[in-house]
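Visitor: I would like to go through some of the terms used for this structure. Please give the grounds for each.

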Amino acid sequence: MGIEDEGAVDVRLGARLAELRAERDWTLGELAERSGISRSTLSRAERAEISPTASLLNRLCHVYGRTMSQLLSEVERESALLVRAGDQTVWTDRASGFVRRSVSPPHPGLRGELVEGRLAAGADIAYDRPPVPGLEQHVWVLDGRLDVTAQDTEHRLGTGDCLRLRVWGPTRFHCPGPEDVRYALAVVLP
């Protein structure tokens, strides 16, 4: 995807979400029950009438057994072994101000991926479940402060700090400020 018209990304993402549902022969109602997302929101996301939030995509990734990077890579025009900085997939959750850059696109035969995250001061993103239970994450703060809550424990991270965890339940990423935070996230499938 790289840096391109966000509307084009939303159209391809919506089409892929519709394909995934059709592959399973699920109605919007069945997907709504499995994901906890309303039928109308699912329909609007599939038709690219809305840009899905990080939380919404996370719930869908959980239902479809994919990481967010895997899902976003499926709407890429082509996969490559080397991805130049200007061609890396950048996705923005406009509702929260979260910016996600897929530094290393996932490959079907590999379990790890590297992501860069940016959150504005005060931004707060909560995920009600991991996209894949037992997902291993390494959160390395490059600039700023980041509070990560997992398994009811809050970890306050500053520049240079790295947190390793396995994700089984809800998580929360919060940038307390006063500056924005930029962090690297290494994700390893179990």
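Predicted model: local features only at pLDDT ≥ 70, side-chain atom pairs only at ≥ 80, totals over all residues.

Visitor: Why are H2 and H4 called roughly perpendicular to each other?

Guide: Helix H2 (residues 28–35) and helix H4 (residues 54–64) pack at an angle of about 100 degrees, and their axes are 9 Å apart. Angles of 65 to 115 degrees count as roughly perpendicular, so the term applies to H2 and H4.

Visitor: Which residues make the contact?

Guide: H2 contributes Leu-31, Arg-34 and Ser-35, and H4 contributes Arg-59, Leu-60, Val-63 and Tyr-64. By class, the contact of H2 with H4 has four nonpolar, one polar and two charged residues.

Visitor: What makes H4 largely enclosed by the rest of the structure?

Guide: Buried means under 20% relative accessible area. Eight of the eleven residues of H4 are buried, so the description holds. Among them are Leu-60, Val-63 and Tyr-64; these three residues also belong to the contact with H2. Ala-54, Leu-56, Leu-57, Asn-58 and Cys-61 are buried as well. After H4 comes Gly-65, with a positive phi near 70 degrees.

Visitor: Why are E1 and E8 called edge strands?

Guide: The open sheet has six strands in the order E1-E2-E3-E10-E5-E8, with antiparallel pairing. Strand E1 (89–93) and strand E8 (162–167) each pair on one side only.

Visitor: How do you know that E2 and E3 pair?

Guide: Pairing needs at least two bridges. Strand E2 (residues 98–104) and strand E3 (residues 112–119) have five, in the antiparallel sense. Val-99 has Arg-118 of E3 as its bridge partner.

Methods: Residues numbered from 1 in each chain as written. Heavy atoms only, no water. Axes fitted to C-alpha atoms, helices over the stretch in contact; angles between N-to-C directions. Helix = DSSP H or I, 4+ residues; strand = E, 2+ residues; numbered from the N terminus. Parallel < 35°, antiparallel > 145°, perpendicular 65-115°, else oblique. Contact = heavy atoms within 4.5 Å. Nonpolar A, V, L, I, M, F, W, Y, C, P; charged D, E, K, R; others polar. Buried < 20%, exposed > 50% of the residue type's maximum accessible area, 1.4 Å probe, protein only.
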